[in-house]
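Biologist: I am new to this structure and would like to learn how to read it. Could you take me through it feature by feature?

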Amino acid sequence: MRMLWLVMATCLSSAALASDAVSGLWRTEPNDEGLYLTVQIGACEDNAERVCGVIMERVDADGQAGESEFSGRYIIKNMRAAGEGRWNKGTIWAPDDDKTYKSKMALVDGGLKVSGCVFVICRGQVWQRVE
């Protein structure tokens, strides 16, 4: 029984460490008008073993931040740690086309590569850490 508790504690701490690696404030790539969103990423409220991201604000080309109609909405849901700075089996919502994509993400070269597909249509961005 003691061994079972040790294994469970190790698994839970590994999941927490996986979300810690990506936790923080990120900015999306700017759109054609130079506008980007900031996204707070961390453990999901309803499942601490998974990673979620919530849109915080939009920032225009002049650097002026403000609330968006999307503020407070989940953009990333239920990403599962896949090891070595990678997460998968979650979803990402694209505000520009109002579609939800099966998604994955990975830490790459100081950024976070997020990508997803709906049927055969795939999209991706590399987000930069703000905090």
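**Reading the loops, strands and salt bridges**

Modeller: Let us start with Glu84, which sits in the loop between strand 5 and strand 6. Strands here are DSSP runs of E with at least two residues, numbered from the N terminus. Please keep in mind that this is a predicted model, where local features need pLDDT of at least 70 and side-chain atom pairs count only at pLDDT 80 or more, while totals for chains, interfaces and linings use all residues. Residues are numbered from 1 along each chain as its sequence is written, and side-chain values use heavy atoms, with hydrogens and water left out.

Biologist: Thanks! Is Glu84 buried or exposed?

Modeller: Buried means under 20% relative accessible area, exposed means over 50%, and partly exposed is in between, using a 1.4 Å probe and protein chains only. Glu84 has 78% relative accessibility, so it counts as exposed.

Biologist: Now for charges. How many salt bridges does the structure hold?

Modeller: In general, side chains of opposite charge can pair when their charged atoms come close. The term salt bridge is used for a side-chain nitrogen of Lys or Arg within 4 Å of a carboxyl oxygen of Asp or Glu. The structure holds two of them. In one, the side chains of Arg123 and Asp96 meet at 2.8 Å, N to O. Arg123 lies in strand 9 (residues 121-129) and Asp96 in the loop between strand 6 (86-94) and strand 7 (99-108), so the pair ties together parts that are 27 residues apart in sequence.

Biologist: Which residue is Arg123's partner in the salt bridge with a 3.0 Å distance?

Modeller: That is Asp97, where 3.0 Å separates the closest N and O atoms. This pair also links distant parts of the chain, with Arg123 in strand 9 and Asp97 in the loop between strand 6 and strand 7, 26 residues apart. Asp96, Asp97 and Arg123 are therefore linked in a network of salt bridges.

Biologist: How accessible are the members of that network?

Modeller: Asp96 is exposed at 60% relative accessibility. Arg123 is partly exposed at 34%, and Asp97 is partly exposed at 26%.

Biologist: Let us turn to the strands. Which way do strand 7 and strand 8 run, parallel or antiparallel?

Modeller: Two strands pair if DSSP finds at least two bridges between them. Strand 7 and strand 8 run antiparallel and are joined by seven bridges. Across this pairing, Ala106 has Lys113 of strand 8 as its bridge partner. The two strands form a hairpin with two residues between them, and Asp109 in the turn has a positive phi of about 45°.

Biologist: What joins strand 8 to strand 9?

Modeller: Eight bridges do, and these strands run antiparallel. Lys113 has Val126 in strand 9 as its bridge partner. Strand 8 and strand 9 form a hairpin with two residues between them, and Phe119 in the turn has a positive phi of about 55°.

Biologist: How many residues of strand 8 are buried?

Modeller: Six of its eight residues are buried, so strand 8 is mostly covered. Ser115 lies in strand 8 and counts as buried at 18% relative accessibility. Contact means heavy atoms within 4.5 Å. Leaving aside neighbours within four places in sequence, Ser115 is in contact with Lys102, Ser103, Lys104, Arg123 and Gly124.

Technical notes:
Helices (H or I, at least four residues) and strands (E, at least two) are DSSP runs, numbered from the N terminus.
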